[in-house]
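User: I have a model open and want to go through it with you. Can we begin with the charged pairs?
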Amino acid sequence: MASTSRRLIASYIFDWFIILAIAAVGGAFWKITPNHRPFTLVDPSISFPHTHEKISNAVLFILSLVFPAITIFVVAIVFVPGPSGLAWAASKQTGQTLKRKLWEWNTGWLGLGLSLAISFFLTQGMKNLFGKPRPDLLSRCDPDYANQAEYAVGGYPNVLNGL
């Protein structure tokens, strides 16, 4: 029975390893040179004013990780079927019930971890693959409009001279 428990725990560790590997690959995307798109200073799609983030990183962390993790824990421990109250304490199947609750808890957290890792992986990958300039690029970068012809690429000088 001990070898079965060790194999079971090893399989759980392997599951978590896979999830962490997916997240690590997503995090490694920042080292890859993203797709650079040419732009012009007269492009209205990147001329929006800069606004500060409405949701802080702390609130994002709480809403996407902490709150779901607590909810999964409570549901797994409280609502997973099994004997309850004094009958639970006196039951011979207390160990089985506890194992099932822990298994449900682990499975729930595996699902949460996998969903967050995959969404992080896909978001980081898509930003590098398809990345377009932010809508508020010009207000963030504050370009030097007086010397814009000096930095023009391709056919843009003709467009800028017509302004």
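Analyst: The count comes to one salt bridge, meaning a side-chain nitrogen of Lys or Arg within 4 Å of a carboxyl oxygen of Asp or Glu.

User: Which residues form the salt bridge?
Analyst: D136 and R140 form it, and their closest N and O atoms are 3.0 Å apart. Side chains of opposite charge can pair when their charged atoms come close.

User: Is D136 buried or exposed?
Analyst: D136 is buried, at 8% relative accessibility. Buried means under 20% relative accessible area, exposed over 50%, and partly exposed in between, with a 1.4 Å probe and protein chains only. R140 has a relative accessible area of 37% and is partly exposed.

User: Before going on, what sort of model is this?
Analyst: It is a predicted model, in which local features need pLDDT of at least 70 and side-chain atom pairs count only at pLDDT 80 or more, while totals for chains, interfaces and linings use all residues. Residues are numbered from 1 along each chain as its sequence is written, and side-chain values use heavy atoms, with hydrogens and water left out.

User: OK. How many helices and strands does the protein have?
Analyst: Six helices and zero strands, so from the N terminus on the elements run α-α-α-α-α-α. Helices (H or I, at least four residues) and strands (E, at least two) are DSSP runs, numbered from the N terminus.

User: What share of the residues is buried?
Analyst: Buried residues make up 15% of the 163 residues in the protein. The protein exposes about 12400 Å², and carbon and sulfur atoms supply 69% of that. Accessible areas come from the Shrake-Rupley method with a 1.4 Å probe; for residues, only the protein chains shown count as cover.

User: And what about contacts by sequence separation?
Analyst: Taking contacts with a separation of 6 or more, 83% are between residues 24 or more positions apart. Contact means heavy atoms within 4.5 Å.

User: Switching to rings. How many aromatic pairs are there?
Analyst: The structure holds three aromatic pairs. One of them joins F73 and W105, with ring centres 4.7 Å apart and planes at 65 degrees, so that pair is edge-to-face. The rule is that rings of Phe, Tyr and Trp (its six-membered ring) pair if their centres lie within 6.5 Å; planes under 30 degrees apart count as stacked, over 60 as edge-to-face and the rest as tilted.

User: Where do F73 and W105 lie?
Analyst: F73 lies in helix 2 and W105 in helix 4 (residues 94–130), so the pair ties together parts that are 32 residues apart in sequence. F73 is partly exposed at 33% relative accessibility, and W105 is partly exposed at 23%.

User: How is W105 placed against W109?
Analyst: Their rings also pair edge-to-face, with centres 5.1 Å apart and planes at 70 degrees. W105 and W109 are four residues apart in helix 4, which separates them by about one helical turn. W109 is partly exposed, at 31%. Ring pairs link F73, W105 and W109 into a cluster.

User: N106 is in helix 4 as well. Which residues does N106 contact, leaving aside neighbours within four places in sequence?
Analyst: Y12 and W16. N106 is buried, with a relative accessible area of 15%.

User: Last topic: which residues make the nonpolar surface patch?
Analyst: I55, V59, L60, F61, I62, L63, L65 and F67 make a patch of about 780 Å². Patches are made of residues with over 30% relative accessible area and no salt bridge; like charges are joined within 9 Å, and nonpolar side chains (Val, Leu, Ile, Met, Phe, Trp, Tyr) within 5 Å. L63 is found in helix 2 (residues 57–79) and counts as exposed, at 55% relative accessibility.
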